[in-house]
Amino acid sequence: MDAKKILPVFSYVFHPIFISLYGTLFFFAIAKNFYYAPQIYVTLLQVIIVTLLLPLSMYFLFRSLGKLQSFTEASLKERQMPIAIQALLLLLLVKYSISKEVFTELYYFYFGGLISAVLVLAAVLLKFKASLHMMGISALTAFIYGLSSYYQLPFTYSIGLCILFMGCVASSRLYKKAHTPIELVAGILLGMLPQVVLMAYWL
């Protein structure tokens with residue numbers, strides 16, 4: 001199978017817009033016994049609406065207005081509004097939807113995502129294009145590692161797969177000429193560091 005046809009798929013499957021949902025699904029897959037089913041369903045619905053449906057609606061709106069050209073590649077100017085909106089939505093999520101007392105791990109996962117969004121927005125305003133894809137997949141990898149440590153479960157294969165997917169996403173972004181290696185490394189740091197630092201509050 002031609003690698004050139006496979007690599008671009010990773011840019012879509014691990015688009016930053018899906019990372020919050022992936023993290024939430026993984027969390028409930030291992031912690032479902034600690035929550036009532038209605039809690040899980042309501043939380044998943046909130047996450048889907050706030051982190052997926054609303055951003056997708058905004059994307060199609062901006063595209064119809066000619067403000068965005070691509071789902072996986074965007075110029076510095078095109079990035080500003082979507083990232084600002086994503087940061088605002090994450091702020092609403094951690095402030096009004098995800099309780100720190102009830103969903104502690106998820107709360108800090110999203111809070112880390114909020115910090116990453118603010119940092120990458122600042123980078124955009126400074127004319128630096130850090131990789132949002134690498135930011136997302138690296139944050140997810142750090143979160144899964146944290147869950148592995150917290151629940152003392154051997155997620156060796158899951159963490160290994162995440163690292164493999166990080167390599168595939170990075171290769172995809174390089175293949176599509178969407179980023180330079182420095183921009184990929186910056187994305188990894190912006191995604192992973194907030195998660196690692198915040199682990200001190202829930203591990």
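View 1. At 5% relative accessibility, Phe28 counts as buried, a word used for residues under 20% relative accessible area, whereas exposed means over 50% and partly exposed lies in between, with a 1.4 Å probe and protein chains only. The model is predicted, so local features need pLDDT of at least 70 and side-chain atom pairs count only at pLDDT 80 or more, while totals for chains, interfaces and linings use all residues. Residues are numbered from 1 along each chain as its sequence is written, and side-chain values use heavy atoms, with hydrogens and water left out. Leaving aside neighbours within four places in sequence, Phe28 is in contact (heavy atoms within 4.5 Å) with Tyr35, Ile40, Thr43, Leu44, Phe103 and Leu106.

**View 2. Thr24, a second residue in helix α2.** Thr24 counts as buried because its relative accessibility is 0%. Not counting residues up to four places away in sequence, Thr24 touches Leu44, Val47, Leu106 and Tyr110.

**View 3. Helices α2 and α3 packed together.** Helix α2 (residues 16-31) and α3 pack at an angle of about 170 degrees, with their axes 8 Å apart, the axes being lines fitted to C-alpha atoms, for helices over the stretch in contact, and the angles running from 0 to 180 degrees between N-to-C directions. The angle makes α2 roughly antiparallel to α3, a description that applies to angles over 145 degrees. Among the residues that meet are Ile17, Phe18 and Leu21 in α2 and Ile48, Leu52 and Leu56 in α3.

Methods. Helix = DSSP H or I, 4+ residues; strand = E, 2+ residues; numbered from the N terminus. Parallel < 35°, antiparallel > 145°, perpendicular 65-115°, else oblique.
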